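Thank you for making time for this one today. Please bring up the sequence and the model together, and I will talk you through them.

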Amino acid sequence: MDIADAIAALLDCNEPAPKPLRLPTESDVRAVETELGVVLHPDFRRFQLEASNVCFGIREPFVALPDLMPYLSLAANAKEAWAAGVPRNCIAFCGDNGNYFFLDPFGCVGYFDHDSNSHSVSKQTLADWIFEEWINDPALSDD
């Protein structure tokens, strides 16, 4: 699975929103990296710059924009996730009822469960996650 294909598919799913978010700029992304002391994985950086304003389904990944409402702010949520127990070398990219999906330094998706205060990392990439957990989310199924 390729991030370009995942972004293209996600953009096809985009639903109109009354006040859509703008996409972050390179400057916005660099500012968040500086604030957090991290370098975003290239796939996540590309997602931020090309598709982080997509409105679709129940997932709302965090966005690297300044002055964004806290529940969507990448910087605010990354700090909150680290405080909750997400490993410091990982970056939370989407919340899930107090839990977090995160990317490790190698671009693998992990999941932090606040109830058990534990995390696991899979072999799933961000592109895989976009398809499997967002576009094809079982919660959106009519079955």
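Asn97 counts as exposed, because its relative accessibility is 74%, where exposed means over 50% relative accessible area, buried means under 20%, and partly exposed is in between, all with a 1.4 Å probe and protein chains only. Asn97 is found in the loop between S1 and S2, and its phi is near 55°, a positive value in a residue other than glycine. When I say helix or strand, I mean DSSP runs, H or I over at least four residues for helices and E over at least two for strands, numbered from the N terminus.

Before going further, a word on what we are looking at. This is a predicted model, in which local features need pLDDT of at least 70 and side-chain atom pairs count only at pLDDT 80 or more, while totals for chains, interfaces and linings use all residues. Residues are numbered from 1 along each chain as its sequence is written, and side-chain values use heavy atoms, with hydrogens and water left out.

On confidence, pLDDT is the predictor's confidence in each residue, from 0 to 100, and the protein chain averages 93, with 96% of the residues scoring at least 70. Confidence is lowest in strand S4, residues 118-125, at a mean of 86, and highest in helix H3, residues 42-51, at 98.

Now the overall layout. The protein chain has 5 helices and 4 strands, and from the N terminus on these elements run α-α-α-α-β-β-β-β-α. The radius of gyration is 14 Å, close to the 15 Å that the globule rule gives for 143 residues, so the chain is as compact as a globular protein of that length; the radius is taken over C-alpha atoms, and the rule is 2.2 Å times the number of residues to the power 0.38. Of the 143 residues, 45% count as buried.

Let me turn to H3, where Gln48 lies. Is Gln48 buried or exposed? Gln48 counts as buried, because its relative accessibility is 0%. Leaving aside residues up to four places away in sequence, Gln48 touches Leu23, Pro24, Val29, Leu40, Phe62, Val63, Ala64 and Leu74, contact meaning heavy atoms within 4.5 Å.

H3 also packs with helix H5, residues 126-135, at an angle of about 55° and with their axes 9 Å apart, and the two helices are therefore oblique to each other. Axes here are lines fitted to C-alpha atoms, for helices over the stretch in contact, and angles run from 0 to 180 degrees between N-to-C directions; those under 35 degrees count as roughly parallel, over 145 as roughly antiparallel, 65 to 115 as roughly perpendicular and the rest as oblique. Asp43, Phe44 and Phe47 of H3 meet Leu126, Ile130 and Trp134 of H5 in this contact.

Helix H4, residues 74-84, has Leu74, Ala75, Asn77, Ala78, Ala81 and Trp82 buried, and the buried residues of H4 pack against helix H2, H3, strand S1 and strand S2. Just after H4, Gly85 takes a positive phi of about 135°.

Asp67, in the loop between H3 and H4, has a positive phi of about 55° although it is not a glycine, and Asp67 is exposed, with a relative accessible area of 83%. Val39, in the loop between H2 and H3, counts as exposed at 72% relative accessibility, and Val39 and Asn89, 50 residues apart in sequence, are 9.9 Å apart in space, C-alpha to C-alpha.
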